[in-house]
Amino acid sequence: MTSPETTSRPGGTVLITGGAGFIGCAISASLADAFDQVVVVDSLHPQIHASGKRPAELDPRAELLVADVAVASTWDTVLAQHSPDVVIHLAAETGTSQSLEEATRHTHVNVVGTSQLLDGLNRHRKLPRRIVLSSSRAVYGEGAWADADGKLFYPGQRTSETLDQSQWDFPGAVPVAMKASETFPAPVSVYGATKLAQEHVLQAWAKAYAVETVILRLQNVYGPGQSLINPYTGIMSLFCRMAMGGKSIPLYEDGEVRRDFILIDDVASAIVAGAVSPTVQAEPMDIGSGEFQTIGTAAKLIAAHYDAPEPHVTGQYRQGDVRHAWADITAAEKVLGWTPQYNLAQGIDRLANWIDVQPDVQPA
């Protein structure tokens, strides 16, 4: 899987942390076309890589170094051999609910992993020209809502009391799109807090050393190549596996949760653009489809693909989940010259058709 052809070829070396994962594999071919050398550092964590082997989807031109980004010696080894011109920092522990249960693990990898990378670059005096950070819409938490007069406010995290009463929305208010230049970040999960910390650590360091930064806050990424064994990510792949087994997909809350589902192909092209674009901006940019869909809409499209029963509403909820989230992508379109190419129906077809031909895939 590759992103659209790049418009410039900067050459040199690009270093990708976490580059053997879902997104890393998706960008590897385009980066190998654009740069002289692609170096991937990845721990091949068993939660993502059950076999512990190099993923077949990772471009063969990429050099893979199996190591932990949160260990200082990793960077002594890597930077003794390589001098990156661009770093793409993807390495992170993900998962909203898992981060609540394993806060130390998420903080160690996401925050300490970032600081170890930066310390290593400084220690070896190998400052890159640019660092691209894959951040998350989770930094916003519930984001901003508008009251009846159109005035924006930040309601904060929903409480167990209101959720137990099936009060899903904030009364008398409507949500608005997430926009980095306007929406104040207020994460409601440990994962979101660590991603915001990543941004702050990187920005402070990069400004001190005059290193360009590209921070991309990704919405819900899905598509061919995503893990089918990780229980903490990939709601779309989980829905597909349920439907292929003839099950009715359960919808949390009232099924009207809004999400911005963006196909991996579009995310890949955004990240590659962030790496090769001649113009960048230091402030974060939002990456999504530019519109929201409800969880119920996505589930119905998946059920139709598999001729499965209609999805059903359960009224259950998950701590740390936000009610609505979608992106204003104006900045990325303007600065990077990037535009998403796939709608939800096209993306679901690509994902489901890929899952259907995977060996040993098990219905959920």
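Select Asp307: it is exposed, with a relative accessible area of 71%. Here exposed means over 50% relative accessible area, buried means under 20%, and partly exposed lies in between, all with a 1.4 Å probe and protein chains only. Before you click on, note that this is a predicted model, where local features need pLDDT of at least 70, side-chain atom pairs count only at pLDDT 80 or more, and totals for chains, interfaces and linings use all residues. Residues are numbered from 1 along each chain as its sequence is written, and side-chain values use heavy atoms, with hydrogens and water left out.

**Two positive phi values**

Stay on Asp307, in the loop between α9 (295-306) and β16 (312-313). Helices (H or I, at least four residues) and strands (E, at least two) are DSSP runs, numbered from the N terminus. Check the backbone: the phi of Asp307 is positive, near 55°, and the residue is not a glycine. Most residues other than glycine have a negative phi.

Now jump to Leu44, in the loop between β2 (37-42) and β3 (62-66). Leu44 is another non-glycine with a positive phi, about 55°. Is Leu44 buried or exposed? It is buried, at 8% relative accessible area.

**Into the core**

Next, select Ile16, Ile27, Leu31, Ile88, Leu216, Met236 and Ile302: in the largest nonpolar core, which has 69 residues, these touch the most other members. Helix α8 (residues 264-276) contributes the most to this core, with 9 residues. Apart from this core there is another one of 20 residues, including Val39, Trp75, Val87 and Ile131. A nonpolar core is a set of buried Ala, Val, Leu, Ile, Met, Phe, Trp, Tyr and Cys residues joined through side-chain atoms within 4.5 Å.

Zoom in on Ile302. Leaving out residues up to four places away in sequence, Ile302 touches Met236, Phe239, Cys240, Ala243, Ile249 and Ile348; contact means heavy atoms within 4.5 Å.

Then pick Ala268 in helix α8, which counts as buried at 1% relative accessibility.

**Aromatic stops**

The whole structure holds 5 aromatic pairs. Rings of Phe, Tyr and Trp (its six-membered ring) pair if their centres lie within 6.5 Å; planes under 30 degrees apart are stacked, over 60 edge-to-face, and the rest tilted.

Show Trp205 and Tyr209: their ring centres are 5.2 Å apart with planes at 45°, so this pair is tilted. Both sit in helix α6 (residues 190-209), and being 4 residues apart they are separated by about one helical turn. Trp205 is buried at 10%, while Tyr209 is partly exposed at 35%.

Move to Tyr222 and Phe261, an edge-to-face pair with 6.3 Å between centres and 90° between planes. Tyr222 is in strand β10 (residues 220-222) and Phe261 in strand β13 (residues 261-263), so the pair ties together parts 39 residues apart in sequence. Tyr222 and Phe261 are both buried.

**Last stop: a cavity**

Finally, select Glu142, Gln157, Arg158, Leu163, Val188, Arg318, Gln319, Gly320 and Asp321, which line the second largest cavity. Its volume is about 50 Å³, and the structure has 2 cavities of 30 Å³ or more. On a 1 Å grid over the protein atoms alone, a cavity is a set of points where a 1.4 Å probe fits but cannot get out, and lining residues have an atom within 4 Å of a point. Points are joined across faces, edges and corners, and the volume is the space filled by probe spheres set on them. Colour that lining by type: 2 nonpolar, 3 polar and 4 charged. Ala, Val, Leu, Ile, Met, Phe, Trp, Tyr, Cys and Pro count as nonpolar, Asp, Glu, Lys and Arg as charged, and the others, Gly among them, as polar.

Technical notes: On a 1 Å grid over the protein atoms alone, a cavity is a set of points where a 1.4 Å probe fits but cannot get out, and a pocket is an open set with protein on both sides within 12 Å along at least five of seven lines; lining residues have an atom within 4 Å of a point.
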